[in-house]
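Have the sequence and the model ready.

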Amino acid sequence: MAFIMKGFPFNVDNTPVYNMDLEEGVMGIADENGSILINKNITNQKEREEVITHEKVHLDQMKRGDLAYDDNNVTWKGKKYPRVKFHDGDENLPWEKEAYNKTKNA
């Protein structure tokens, strides 16, 4: 006879989240290794959760192959955006639009 546990299936999120010293104005970073770096100075739990949710959208974008980045460029759906030409986190950037849209309605 099979053993059946009540409550299955359940959703487990194993995304590593690390509290870090991040540069001024940076709330979180989705790392290409699948982890999230969050500003250690965020003490408000609701704000923390919002930042993590936002960064999870970027992790999903990377998994889909839509988003990649290095120190000099961000690549969105095959198009390179030089970092010197924009401010990270700008809501008008295509990869940020998706993240802000999904987290504002969450």
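**Reading rings and contacts**

Q: What is Phe86, buried or exposed?
A: Buried means under 20% relative accessible area, exposed over 50%, and partly exposed in between (1.4 Å probe, protein chains only). Phe86 has 15% relative accessibility, so Phe86 counts as buried. This is a predicted model: local features need pLDDT of at least 70, side-chain atom pairs count only at pLDDT 80 or more, and totals for chains, interfaces and linings use all residues. Residues are numbered from 1 along each chain as its sequence is written, and side-chain values use heavy atoms, leaving out hydrogens and water.

Q: How many aromatic pairs does a search of the whole structure find?
A: Rings of Phe, Tyr and Trp (its six-membered ring) pair if their centres lie within 6.5 Å; planes under 30 degrees apart are stacked, over 60 edge-to-face, the rest tilted. The search finds three pairs. One of them joins Tyr81 and Trp95, edge-to-face, with 5.1 Å between centres and 70° between planes. Phe86 and Trp95 also pair: their centres are 5.5 Å apart and their planes at 70°, so this pair is edge-to-face. Ring pairs link Trp76, Tyr81, Phe86 and Trp95 into a cluster.

Q: How exposed is Trp95?
A: Trp95 is buried, at a relative accessible area of 4%. Tyr81 is buried too.

Q: Which residues is Glu32 in contact with, leaving aside neighbours within four places in sequence?
A: Contact means heavy atoms within 4.5 Å. Glu32 touches Met62, Ala68 and Tyr69 in this way. Glu32 and Met62 are 30 residues apart in sequence, yet 7.2 Å apart in space, C-alpha to C-alpha. Glu32 itself is partly exposed, at 47% relative accessible area.
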